[in-house]
Amino acid sequence: MTPTHSGDAAPGTLDKAAHENFPVAPFFLPRAWRDDLMAVYGYARLVDDIGDGDLAPGGGDARHLGLDPARAGDRLAMLDALEADLHRVFDPSGDGPRHPLLRGLRPTVRRRALTPEPFLGLLEANRQDQKVRRYGTYEELLAYCELSANPVGRLVLQITGTASPERIRRSDAVCTGLQIVEHLQDVAEDLGRDRIYLPADDMARFRVTEADLAAPSAGAAVRSLIAYEAERARELLDEGTPLVGSVDGRLKLLLAGFVAGGNAALAAITDAGFDVLPGPPKPSRPGRLREAGVVLRRARREG
């Protein structure tokens, strides 16, 4: 079942799938998987859009969630209303959820026997974004990624019926790596929202100040810091890459696309000389395809 579109809320949210570093629901997957992955993506994107204040104008999402459209900018109230609607997804009684994206999610939850925990983790990450705007240590950042990124990979494994403790461990490494890569691409944009996802102790080590991050382009210290964090992300992606070789068929292609998207984004950051401040370095489609070939060859070699 394709996620339901209604009003002015859903289409713009789902359209953002084309701009992710990784393929969300590519054409080569079975139709049932594509529909379920898009349903999960729609929820995850909606949560992020609420948390970032990036909702479509007009208050349609607030109205769907039972809030006055004038409160659409109250992010915590919107997240609370979304959580209430999420519980309706899992409640077999009643009329079901109100928001069109959550109505589209309900058949997926039932068909795949999904549990609330990953969805609640994504909500909690966005609540944290409203309260925590700096991270002191890398370990604190990893704990945030456990909420903001890792649930997505776990849902992919559950939808495809391939979850196991080892695969979840590898998936968590890939998802955390992808999240860190996104943070590196978006340093300037995040700073504009008064958020910094570069650990404060690393900034101090490289003698980088917040004023340095606000510059139009990066100086040597900022570039060194970005290179250091990029290497950490690369190590996480490498740790997770054996996940690709542990599955077969079209799922192998999908997971290779996830890892390749992260590697290609890191290559774009490297090609930019680790200067991410003028804007996010974006990988090209040929770059992503090349990286996918590298990942698949490695999977065959290690399989």
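Student: Buried means under 20% relative accessible area, exposed over 50%, and partly exposed in between (1.4 Å probe, protein chains only). By that rule, is D172 buried or exposed?

Tutor: D172 is buried, as its relative accessible area is 13%. Please note that this is a predicted model, in which local features need pLDDT of at least 70 and side-chain atom pairs count only at pLDDT 80 or more, while totals for chains, interfaces and linings use all residues. Residues are numbered from 1 along each chain as its sequence is written, and side-chain values use heavy atoms, with hydrogens and water left out.

Student: Where does D172 lie, and what is D172 in contact with?

Tutor: D172 belongs to helix α9; helices are DSSP runs (H or I, at least four residues), numbered from the N terminus. Apart from neighbours within four places in sequence, D172 contacts E146, N150 and R154, where contact means heavy atoms within 4.5 Å.

Student: Which residues of α7 are buried, then?

Tutor: In α7 (residues 138-148), the buried residues are Y138, L141, Y144, C145 and S148. Seen down the axis of α7, they fall within an arc of 115°, so they line one face of the helix. The arc is that of the directions from the helix axis to the C-beta atoms.

Student: Which helices do the buried residues of α7 pack against?

Tutor: They pack against α6 (117-131), α8, α9 (165-185), α11 (200-205) and α13 (220-240).

Student: Let us take α8. At what angle do α7 and α8 cross?

Tutor: Their axes cross at roughly 40° and come within 4 Å. Axes are lines fitted to C-alpha atoms, for helices over the stretch in contact, and angles run from 0 to 180 degrees between N-to-C directions.

Student: How does α2 pack with α8?

Tutor: Helix α2 (residues 31-52) and helix α8 (residues 150-159) pack at about 155°, with axes 10 Å apart. That makes α2 roughly antiparallel to α8. W33, D36, L37 and V40 of α2 make the contact with L155, V156 and I159 of α8. Those residues divide into 6 nonpolar, no polar and 1 charged.

Student: How many residues of α8 are buried?

Tutor: In α8, 7 of the 10 residues are buried, so this helix is largely enclosed by the rest of the structure. They are N150, P151, G153, L155, V156, L157 and I159.

Student: New topic: what is the phi of R207?

Tutor: R207 has a positive phi of about 60°, although R207 is not a glycine. Most residues other than glycine have a negative phi. R207 sits in the loop between α11 and α12 (210-213) and is exposed, with a relative accessible area of 75%.

Student: What about the phi of D194?

Tutor: D194 also has a positive phi, near 60°. This residue lies in the loop between α10 (187-192) and α11, and D194 is partly exposed, at 39% relative accessible area.

Notes. Helix = DSSP H or I, 4+ residues; strand = E, 2+ residues; numbered from the N terminus. Parallel < 35°, antiparallel > 145°, perpendicular 65-115°, else oblique. Nonpolar A, V, L, I, M, F, W, Y, C, P; charged D, E, K, R; others polar.
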